[in-house]
Amino acid sequence: MQSNRSRSKSRFSNENIGCIWNVFLCFSIMFWRRMNEGNGEGGNTFQFPFCFSILLVNITFSYVLSYFRHKEKIELTSLLRYGLLTSTLFHILSVLFGAPFLKNWDRTISFSMLLSALILPSVATCAGNLGNSLNFSCFEWMGANELSTCFGAWLGAFVIPLDWDCSWQVWPEPVAVGAVVGCGLSSLLKLIGPAITTNSAGYKMYWPTKYFVHERHV
Amino acid sequence: MKKRNLLLFSWLILLYANGVIYFLQGFLLTRREIHLKSAVFDGVSCCLDSKYKQIIILIIDALRYDFLVYNNSTNASSIPIYHNNLPVVQRLLKDNHGVLYQFVADPPTSTMQRLKGITTGSLPTFIDVGSNFASDELIEDNLLSQMTSSGLNITFIGDDTWLQLFPKSFQRSFPFPSFDVWDIHTVDRGVEHHLLPEMMKPDWNLLIAHCLGVDHTGHRYGPEHPVMPLKLKEMNSLIEKIVSNMNSRTLLLVMGDHGMTRSGDHGGDSPDEVNAGFFAYSPGWNIKLNNSKTRAISQVDLVPTLSLLLGIPIPYSNLGSVILDLVLPEQLWREIHPSEEHEKNIALSYFSEALYLNTKQIWRYLETYSRDSSFPKKEFEQLRSQFDLAVHIFGRLKMERCSSSCASDLNCCASSEMLEEFIQTAQIFLAEAKEMCRSMWARFDLTSISIGLIIFAFSLCLHANFLIDSESLRMRPVQCFGIMGAFLSILVQGWSSVVSLGLSLTPVFVYLIGTIGKMRLFQQFKFAYLAPFFMAVSYTSNSFVVEEPYVVHYLTQSFIWIPMFFKRPTKNRMWILRIALSLSTRLGLAYFRCREEQFPACEAYSLHRSLTSLSGTNWVVCGRVSIALASCIALYLLYKRYFSLDRQIVFIVMIVWCYWILQVLCFMNGSDTIGLIYLPRLFYIVFIGKLSHHMYTFLFDNELSKMPNYREKTSNMVILLSTLAILLAGDGLAPGIILTVVSLTLFSQLFTGDSSCGEMWPLYGLLSVHGFFASGHHTSLANVPWETAFVGISHSDIQSEWANVLPVLFVSYSTAFSMLLHAMSVPIVSLSEMILKNKDSRKLFNGWLYFLFFHAVRLFGCMGAAALHRRHLMVWKIFAPRLLYELLFAVYTSLGIVASLFIFQATM
């Protein structure tokens, strides 16, 4: 019989605000994409301006959040530097994974910016000063968010070679959608996970035990 | 200890071979092409007088039978929109000017195969032995070649598939591209534009027009889309135009080469795909045929009919029988259907004449064919007696005719009963002959296919058992029996499937049952064992096969990087090695080749072309040379750092370089020197000498002092083997191959001393497949590297029988060298230290076992996909070539494993 006492934290910890923001952002990206599909632009949602603005929005969000919530706020320059660094890293990674090197380089750049934008809130809410002092209480969530974003993108690539001749089967589109869905899902799970697995007494119960143990700790 | 490994591997390989042989027997039904031609004076198939001066064949691709038939249902809403769109056909039928048939195609119902059927009269199979892989040109005797040799002229308009099949047969041709399935108009517009002017010209005897619009509309929209009636109406107006410009000595044949399914596709054997429409019309006709039953003719029947109508010999390998209604003497067409005794006799004696020619031609073909490859004995004997009977009756007919007064005339007076008897006999013979050939060629042998798959599947279980249960020392006798059983089972293929199944699988079952209890399944199981299964599953999708280079590259990169998410290495060296490995794999992407299906999305770089075929500036040449040099130097440095490189390899590489430089110089001067032949030969001699030297040091030079060198010796052997591939591939692809060896070296450094990694062996298998693609290959028949066959062999050498062995060896080696290399270098990868210890054999053994498993599972996936999609549109274009390549990989993998196993045991 294992049950952990859940962390005594306010419902509006940085972590949770980050999660809410992520869910909101991912949902609105998907919504935006859906709206554009009707206009016949289906394949080209993730253009350079779009991804760049998402990156800027997330940098602003992280800055504002840290300004209000953190004891030591994050410098704007370090956020920008971080965004540039991770974009370059993701760009190199996607070229290594087979993205075209010269052709469509703008798409690769916008994709890598989107990816770095997606993982920025989680890192910013966890890291005090971006790597200088990590807040280890939410390190787990940061890793999970990074991981599921990348995993979503990884899975998204598998529809590109299929011969369905859909307009959205062009290079960054399904991969970007996969990343957005992965990021949103992991944040959503983080938000509603405790609500499902924690009972009224504040014990975290994982799903198998929930059905076997009743009111023992109440 | 020693013998056990050999025993195991030979059992597994024999079992796999057994399964594959069974599978192929069922799947690749082969027909031998006979390249004899019928001639006018060969005593068998000379001809009737030509009936029509001009024949127009209008092929409307995918014209289904019910598109032509008039649907007179009163309930208008129940009529599908694709019905009743060809009113001209109804009009002509009503006026008794035409006949309508159901034109039954033999699967596979793809256009290329159908055109072969319509022109040669034979039933197609995948591998027509003797055909030329490099081009699609039809070599077998066919209608068009018979026409050209009789001096008749053919004009062709439409689908350019015809031009691939018959590049030299047409006096005038107007081909249009057929590849873009979404383009529904180009070909039809072209046909419309050229058809009438060509018809007006006096100099043609056969005019072939091939429209693709209906087929492409079906592929794009399906038959029930409103575009379909529009397209059919377009065809209607085309036919109308042709009909209004015909004279009475012209015959028009409108036909579909196959039908389409409800979704608009074709390729399989469903009734919708097989039943095409056939409509014949001539302005001179006035006939009333009995239309009570649907009249079906086979597509091959067109060949003898047309040849008799044109007055040319029936093509040698035809299997069709004459369509009697169409060869009716002309004067009878003009009148009402013969009712009087005399006219009936005229018709019947004409029919028997035609059938006699047809019968004799088919029997000659069957006899020639059976001389080298056997038919089922019982059926063949039955056919022979039927043929003898027909000949006998015909002889009696002739006797009677000779005795009567009108011997030389067609209007002769053999009794109609006898004529009818002959016609019946001949028709039975023709039908039986076709049926026998069809049962041999056009059908997959499903029992044989499934036996092959079953044997293979259980061998995989056994293999997995060996992998999981690393203490597989058990039950030596069972293993010995297993080897004997599998071997016997290969030998007794012909007997019965039950015997061979029992022989090969009983020891497997015994072994599995005997060991399953002692196995620690869950402790030993690793995720790595599942990795090849994902690839195997992907082979069931044609797009994943087409895009396989990129899929493999993606998976390789994933296996390099994803583990980094879970365990972060502490050593910087690991990071650097991983980055370098990833980079060298990515660079290999530049040497990927595109296949036909990938255009236009895929952009092939010009990198894999040879320097002599480049038309670029000096900069391009300089760039290419520097790439080649850089890759060579990189490999040299790497090898020098990690292994002790054998210096003599430099000499061999110098020969290769000299050869290339000479090639470029000769190309620039436009001359041809003897050095182009002798430099590669010098290379071969040095290569063989060096190889045997390596073998010698492995086998006999294993004193204790030499022992530490086992890993290095192997590495030198590998690099020696790679030089042969480099020479064969030419200067363009050389960097791609070098990159493969670089990746191999980096990989071996990455995992030294850490062979417990789960991702190690799957990554290794993936790298071997990646090496295949990175050396400029793709799994389509069009990308077989034929140019490698004649490196160092002059064309005058290929007279003798044995000379074919070397080209085959070269082509297969340059295709699958990556598998051989990777199988041979398992010791480099799995041994960390230079000194060979006794416990190392365990590691080595597991490496080999997994490598074989990886390729076997993929082969199984390919076999399964080919069997599953045996009626798929793309089976002969995508799945079957993939299977053949995978087979080649399997052969080279087992070759490499067995060779290095021998070397290892000799060294121990």
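## Starting at B:Thr148

B:Thr148 sits in helix α5 of chain B, a helix that covers residues 143-149. This is a predicted model, and everything described here was computed from it. B:Thr148 counts as partly exposed because its relative accessibility is 33%.

Which residues does B:Thr148 touch, once residues up to four places away in sequence are set aside? The answer is B:Ile154 and B:Ser169. Another residue to look for here is B:Gln171, which is 23 residues from B:Thr148 along the chain. The C-alpha atoms of B:Thr148 and B:Gln171 are separated by 9.2 Å.

## Getting to know chain A

Chain A has 218 residues, and 45% of them count as buried. Its secondary structure consists of 7 helices and 2 strands. If you follow the sequence, these elements come in the pattern β-α-α-α-α-α-α-β-α.

How do contacts within chain A relate to the sequence? Take the contacts between residues at least 6 apart in sequence: 70% of these join residues at least 24 apart. As for the surface, chain A exposes about 12,100 Å², with 65% of that area supplied by carbon and sulfur atoms.

## Where chain A meets chain B

The two chains bury about 1,700 Å² between them, and 68% of this is on carbon and sulfur atoms. On the chain A side, the residues that lose the most area to chain B are A:Leu96, A:Phe97 and A:Pro161, which together make up 37% of what that side buries. The contact draws on 19 residues from chain A and 21 residues from chain B.

What kinds of pairing cross this interface? The rule finds 0 salt bridges between chain A and chain B. It does find 6 residue pairs in polar contact, with both residues at pLDDT 80 or more. On the side of chain A that touches chain B, two or more residues each come from α3 (76-96) and α5 (139-156) of chain A. Of the elements on that side, α5(A) gives the most, with 4 residues.

## Salt bridges in the structure

Side chains of opposite charge can pair when their charged atoms come close. Over all chains, the structure holds 15 salt bridges. One of them joins the side chains of B:Glu240 and B:Arg91, with a distance of 2.7 Å from N to O. This pair links distant parts of the chain: B:Glu240 belongs to helix α9 (residues 227-244) of chain B, B:Arg91 belongs to helix α3 (residues 87-94) of chain B, and the two are 149 residues apart. B:Glu240 is partly exposed, at a relative accessible area of 31%, and B:Arg91 is partly exposed too, at 40%.

A further salt bridge forms between B:Glu548 and B:Arg882, again with 2.7 Å from N to O. Elsewhere, salt bridges that share partners join B:Arg172, B:Glu198, B:Lys201 and B:Asp203 into one network. Within that group, B:Glu198 and B:Lys201 form a salt bridge whose closest N and O atoms are 3.0 Å apart. B:Glu198 is buried, with a relative accessible area of 2%, whereas B:Lys201 is partly exposed, with 33%.

## A covered helix and a nonpolar patch

How many of the 9 residues of helix α11 of chain B are buried? For this helix, which covers residues 302-310, the count is 9 of 9, so α11(B) is described as mostly covered. Among the buried residues are B:Leu302, B:Val303, B:Pro304 and B:Thr305. After α11(B) comes B:Gly311, which has a positive phi, near 75°.

B:Val620, B:Val621, B:Val625, B:Leu629, B:Ile633 and B:Leu637 make a nonpolar surface patch of about 450 Å². One of these residues, B:Leu629, is found in helix α24 (residues 618-642) of chain B. B:Leu629 counts as partly exposed because its relative accessibility is 41%.

Terms used. Residues are numbered from 1 along each chain as its sequence is written. Chains are lettered from A and ligands numbered from 1 in the order in which they are written. Side-chain values use heavy atoms; hydrogens and water are left out. Patches are made of residues with over 30% relative accessible area and no salt bridge: like charges are joined within 9 Å, nonpolar side chains (Val, Leu, Ile, Met, Phe, Trp, Tyr) within 5 Å. Accessible areas come from the Shrake-Rupley method with a 1.4 Å probe; for residues, only the protein chains shown count as cover. A salt bridge is a side-chain nitrogen of Lys or Arg within 4 Å of a carboxyl oxygen of Asp or Glu. Buried means under 20% relative accessible area, exposed over 50%, partly exposed in between (1.4 Å probe, protein chains only). Contact means heavy atoms within 4.5 Å. Buried area is the accessible area (1.4 Å probe) that two parts lose on being put together, summed over both. A polar contact is a pair of N or O atoms within 3.5 Å; within protein, one must be able to donate a hydrogen and the other to accept it, and residues adjacent in sequence count only if both atoms are side-chain atoms.
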